[in-house]
Number of protein chains: 2
Amino acid sequence: MKTNKSLLFKGISDTELKQLYNCLRAHQSEFVAGEEIYSFGGLRSVLGVVLQGRVAVKKIDRNGNVTILDHIQKNGVLSNAFAFSQTDGNYISASAVENTKIVFFDYNNVFKRCQKACEFHSIFVENLFDIVIEKSKTLSQRVEILSNKTIREKILSYLNIALKNSINNVVTLPMSLTSFAEFLCVDRSAMMREMKKLSQSGIIKTDKRVITVLKREYI
Amino acid sequence: MKTNKSLLFKGISDTELKQLYNCLRAHQSEFVAGEEIYSFGGLRSVLGVVLQGRVAVKKIDRNGNVTILDHIQKNGVLSNAFAFSQTDGNYISASAVENTKIVFFDYNNVFKRCQKACEFHSIFVENLFDIVIEKSKTLSQRVEILSNKTIREKILSYLNIALKNSINNVVTLPMSLTSFAEFLCVDRSAMMREMKKLSQSGIIKTDKRVITVLKREYI
DNA sequence: ACTATATTGTTGCAAAAACTACAAAAGGTG
DNA sequence: CACCTTTTGTAGTTTTTGCAACAATATAGT
């Protein structure tokens with residue numbers, strides 16, 4: 001199994017990894033772009049980690065409106081343990097954005113120490129813990145962005161978070177403007193209008209999905 | 001130390017707990033209602049678990065508008081590892097809603113196995129893991145609620161989640177209607193108006209903070 | 001290179017929400 | 001009980017947003 005190492009396996013050698021996969025009853029699946037992650041909705045207590053590619057969790061309502069609930073990158077966690085609840089009128093789908101590799105394990109096996117009491121098992125648990133904490137962090141930021149009442153504030157909140165660990169004042173959106181609107185849970189045209197206003201006020205400068213923040217004190 | 005046991009210490013005896021507190025360098029703090037959790041914003045890599053009481057994480061913007069970002073109940077986790085980011089214009093505050101006990105530990109000590117290699121240490125890690133997973137779940141639900149564009153949909157989404165594990169069709173809000181509006185990140189008066197409409201349509205029936213869902217197929 | 005498809009950019013209009021303000025009811029406290 | 005504070009309930013007005021529709025680019029596939 002060749003793959004550039006996931007954070008999940010940091011500090012675990014390839015030999016150990018093979019053993020670990022065995023004692024955790026892990027299985028790896030591959031999905032082509034657009035394919036739905038069937039294992040996600042179905043089974044209980046499944047924990048999946050994206051090794052390669054990207055997964056989008058979307059909500060499609062009665063009227064066909066799409067909202068992006070989550071964007072799971074490499075090393076991201078996928079689990080019905082903290083999944084979105086399917087409502088009657090809405091359909092929630094997890095699907096591969098590009099070709100994606102996911103490793104699934106049964107949540108119950110993660111903490112059961114195997115007979116050999118392999119020491120890398122605890123390293124694995126720590127890594128998994130880090131990933132879940134990271135997921136919480138991302139979700140918290142998402143809530144913070146969505147908690148704003150106006151589109152303008154949502155955009156600025158996003159930019160603010162994106163600039164947190166950045167030296168320059170340039171944010172390149174990791175998605176299309178269409179997807180960005182879905183991510184902010186707002187209408188695309190209304191968002192475009194708001195970005196135009198921000199540009200006209202001289203607070204930002206936009207070129208497609210590259211946003212330069214000119215007046216950082218405003219965000 | 002007398003306290004009704006937190007999920008965090010499930011399967012760990014009181015004697016073991018004392019030992020664990022020691023090897024994790026844990027310290028417990030108490031806060032009176034309204035008091036701010038000073039340890040929260042300050043230190044790095046702190047992990048806190050609410051043993052008793054409740055904590056509200058609020059965002060106060062330039063104009064003094066309050067939005068509830070998070071509501072941490074008993075067993076909930078408090079951590080700057082996945083905290084909300086403080087923006088220039090906004091002030092983020094974690095404060096005790098009622099008298100609250102919190103146990104803090106250094107995140108770095110959690111995974112370091114103590115010399116005695118106490119077995120309950122791994123039980124503790126598993127418990128902590130469950131709590132963090134639970135937090136992710138709550139945050140995901142929050143995102144799902146906030147992802148709705150209209151107030152009406154936000155309310156219905158909330159009710160839907162609240163009714164998931166319920167036998168009857170009654171939801172009693174665990175907070176005032178004022179706080180509920182802050183939780184949904186909408187204007188209170190607009191929310192009241194929307195609830196009135198829902199009542200008039202015969203979809204729900206309200207009496208203060210007790211909401212009875214009459215037509216479950218609508219939510 | 002051509003064609004189909006997705007993305008970006010823009011507008012008018014209708015709908016929804018925020019803001020403001022006020023009154024009534026409920027709850028807590030000395 | 002009387003007072004103060006919070007919560008609940010309501011309405012008018014303004015602002016923001018969503019919706020629909022369309023044109024102009026850009027991108028990908030054959």
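# Reading a protein and its DNA strands

Guide: Let's start at DNA strand D, which has 20 residues around it; Thr150(A), Ile151(A), Asp187(A), Arg193(A) and Leu177(B) come nearest. A residue is near a strand if one of its heavy atoms lies within 4 Å of it. Sugar and phosphate make up 56% of the atoms of DNA strand D that come within 4 Å of the protein.

Visitor: Before we go on, what kind of model is this, and how are the residues numbered?

Guide: This is a predicted model, in which local features need pLDDT of at least 70 and side-chain atom pairs count only at pLDDT 80 or more, while totals for chains, interfaces and linings use all residues. Residues are numbered from 1 along each chain as its sequence is written, chains are lettered from A and ligands numbered from 1 in the order in which they are written, and side-chain values use heavy atoms, with hydrogens and water left out.

Visitor: Which element gives the most to the surface near DNA strand D?

Guide: Helices (H or I, at least four residues) and strands (E, at least two) are DSSP runs, numbered from the N terminus. α7(B) gives the most, with five residues.

Visitor: And what are the classes of the residues near DNA strand D?

Guide: Ala, Val, Leu, Ile, Met, Phe, Trp, Tyr, Cys and Pro count as nonpolar, Asp, Glu, Lys and Arg as charged, and the others, Gly among them, as polar. The surface near DNA strand D has five nonpolar, five polar and 10 charged residues.

Visitor: Now for DNA strand C: which residues come nearest?

Guide: Among the 20 residues around DNA strand C, the nearest are Leu177(A), Thr150(B), Ile151(B), Asp187(B) and Arg193(B). A polar backbone atom of Leu177(A) is 2.7 Å from a phosphate oxygen of DNA strand C. Ser189(B) brings a polar side-chain atom to 3.1 Å from a base nitrogen. Five residues come from α7(A), which gives the most to the surface near DNA strand C.

Visitor: Is α6(B) mostly covered or mostly uncovered?

Guide: Buried means under 20% relative accessible area, exposed over 50%, partly exposed in between (1.4 Å probe, protein chains only). α6(B) is mostly covered, with six of its eight residues buried. Leu177(B), Phe180(B) and Phe183(B) are among them. The buried residues pack against β4 (66-72), α4, α5 and α7 of chain B, where contact means heavy atoms within 4.5 Å. Just after α6(B), Cys185(B) takes a positive phi of about 60°.

Visitor: Last one: where is Arg54(A)?

Guide: Arg54(A) is in the loop between β2 (46-52) and β3 (55-60) of chain A. Its side chain makes a polar contact with the side chain of Glu98(A) (3.1 Å).

Technical notes
A polar contact is a pair of N or O atoms within 3.5 Å; within protein, one must be able to donate a hydrogen and the other to accept it, and residues adjacent in sequence count only if both atoms are side-chain atoms.
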